[in-house]
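Here are a few friendly notes to read alongside the model. Please keep the sequence and the 3D view open as you go through the points.

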Amino acid sequence: GEAGMVDQELYGSILLTPSGKERAKEVFHRHCMLKTFLTEILGVRTEIAEEDACRMEHVISDATFQALKRHLASPQ
């Protein structure tokens, strides 16, 4: 499979490998954090925040994501 993330038989079901599942969890976590930041901190409408988070979750650097996590975790 693609980069060891997916197992697929020819014309069969697609299954995530354990590393694929872990990566999917990471991307989903990034998505949720980004959407929260966009809606709750910046006041972006939910529909727009959803679309933007979908784009951003794949390209945000780890350093920026860690800073975002710290910001959201700190008392406001």
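1. A word on terms to begin with: helices are DSSP runs of H or I with at least four residues, numbered from the N terminus. In this predicted model, helix H1 covers residues 18-41, and histidine 31 is placed in it. The 24 residues of H1 should span 34 Å at 1.5 Å a residue, and this agrees with its end C-alpha atoms, which are 34 Å apart. Just after H1, glycine 43 has a positive phi of about 75°.

2. Which residues of H1 are buried? They are Gly20, Val27, Arg30, His31, Met33, Leu34 and Leu38. Their packing partners are strand E2 (14-16), helix H2 (46-56) and helix H3 (62-73).

3. Do look at histidine 31. Its relative accessible area is 9%, so histidine 31 falls under the 20% limit and counts as buried. Beyond its neighbours within four places in sequence, histidine 31 is in contact with Glu50, Ala53, Cys54 and Glu57. With glutamate 50 there is also a polar contact between the side chains, at 2.8 Å.

4. Lysine 35 forms a salt bridge with glutamate 50, with 2.9 Å between the closest N and O atoms. Because lysine 35 lies in helix H1 and glutamate 50 in helix H2, this pair ties together parts that are 15 residues apart in sequence. Both ends are partly exposed: lysine 35 has a relative accessible area of 25%, and glutamate 50 is at 30%.

5. Now to arginine 30, which counts as buried at 13% relative accessibility. Its side chain meets that of aspartate 62 in a salt bridge (3.3 Å, N to O). Arginine 30 belongs to helix H1 and aspartate 62 to helix H3, so the pair ties together parts 32 residues apart in sequence. Aspartate 62 is partly exposed, with a relative accessible area of 45%. The charged end of arginine 30 also sits over the ring of phenylalanine 65, 4.8 Å from the centre of that ring.

6. How many salt bridges does the structure hold? There are five, and one of them joins the side chains of aspartate 52 and arginine 55 (2.9 Å, N to O). Aspartate 52 is partly exposed at 26% relative accessibility, whereas arginine 55 is exposed at 53%.

How values were computed:
Residues numbered from 1 in each chain as written. Predicted model: local features only at pLDDT ≥ 70, side-chain atom pairs only at ≥ 80, totals over all residues. Heavy atoms only, no water. Helix = DSSP H or I, 4+ residues; strand = E, 2+ residues; numbered from the N terminus. Buried < 20%, exposed > 50% of the residue type's maximum accessible area, 1.4 Å probe, protein only. Polar contact = N/O pair within 3.5 Å; in protein donor to acceptor, adjacent residues only side chain to side chain. Contact = heavy atoms within 4.5 Å. Lys NZ or Arg CZ within 6 Å of the ring centre and 35° of its normal. Expected span 1.5 Å × (residues − 1). Salt bridge = Lys/Arg side-chain N within 4 Å of Asp/Glu carboxyl O.
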